[in-house]
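Reader: I would like to learn how to read a few features of a structure, taking each one as a general idea and then as a case. Where shall we start?

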Amino acid sequence: MSGAAEHVAVLIAGAGPVGLTLATGLAKRGVAVTVLEKRRGLSAASRASTIHPPTLEVLDGLGVLGPLWARGIVVERLAWVRLHEPLRAELHMSVLARDTPFPHRFHLEQAKITPALLAAALAAGAACRFDAEVSGLEQ
């Protein structure tokens, strides 16, 4: 690339958490981005619901985490058990406190996260087209 700023346009296939997070990040950096989603709207299916510390950092950096905070569950420890047996092991997420501002997991369903991500992407200047399935790619 030359030293001069170049116009970059990006198409993202899929308006799930990953696609919308990428769209928000790129749009906030001035990149022209359009998300193409094959469905008529965001998925309402209950899919992934666990958000790990590095992802919490990304969502916080994009300004998306704050509004979601009251809707989710903070998980501060993990336990390994087998049915009808005593506790086998336990991990307190606080061991990560020196490494991240979010030393825990956060549980919130994907269907509750994607609307916030879509709003952030649109506010940052991204576009999103529904009923727009990506079936192939050529350059």
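**Rings, a strand residue and a pocket**

Author: Phenylalanine 106 counts as buried, since its relative accessibility is 0%. This is a predicted model, and the values that follow are computed from it.

Reader: How many aromatic pairs are there by the ring rule?

Author: The general idea is to look for ring centres within 6.5 Å and then to compare the planes. Here the count is two aromatic pairs. The rings of tryptophan 69 and phenylalanine 102 have centres 6.3 Å apart and planes at 50°, so this pair is tilted.

Reader: Where in the chain do tryptophan 69 and phenylalanine 102 lie?

Author: Tryptophan 69 is in the loop between helix H3 (65-68) and strand E4 (73-75), and phenylalanine 102 is in the loop between strand E6 (89-92) and strand E7 (105-107), so the pair ties together parts 33 residues apart in sequence.

Reader: Is tryptophan 69 buried, partly exposed or exposed?

Author: Buried means under 20% relative accessible area and exposed means over 50%, with partly exposed in between. Tryptophan 69, at 34%, is therefore partly exposed, while phenylalanine 102, at 11%, is buried.

Reader: What is the geometry of the rings of tryptophan 69 and phenylalanine 106?

Author: Their centres are 4.7 Å apart and their planes are at 5°, so the pair is stacked. This pair also links distant parts of the chain: tryptophan 69 is in the loop between H3 and E4, and phenylalanine 106 is in strand E7, 37 residues away. Through ring pairs, Trp69, Phe102 and Phe106 form a cluster.

Reader: Now a single residue. Is valine 33 buried or exposed?

Author: Valine 33 has a relative accessible area of 4%, so it is buried. Its place is in strand E2 (residues 32-37). Beyond neighbours within four places in sequence, valine 33 is in contact with Val10, Ile12, Ala23, Leu26, Ala27, Ala126 and Ala127. For a C-alpha distance, take leucine 22: eleven residues from valine 33 in sequence, it is 9.3 Å away in space.

Reader: How do the lining residues divide into nonpolar, polar and charged?

Author: Nine are nonpolar, six are polar and none is charged.

Methods: Residues numbered from 1 in each chain as written. Predicted model: local features only at pLDDT ≥ 70, side-chain atom pairs only at ≥ 80, totals over all residues. Heavy atoms only, no water. Helix = DSSP H or I, 4+ residues; strand = E, 2+ residues; numbered from the N terminus. Buried < 20%, exposed > 50% of the residue type's maximum accessible area, 1.4 Å probe, protein only. Contact = heavy atoms within 4.5 Å. Nonpolar A, V, L, I, M, F, W, Y, C, P; charged D, E, K, R; others polar. Phe/Tyr/Trp six-rings, centres within 6.5 Å; stacked < 30°, edge-to-face > 60°.
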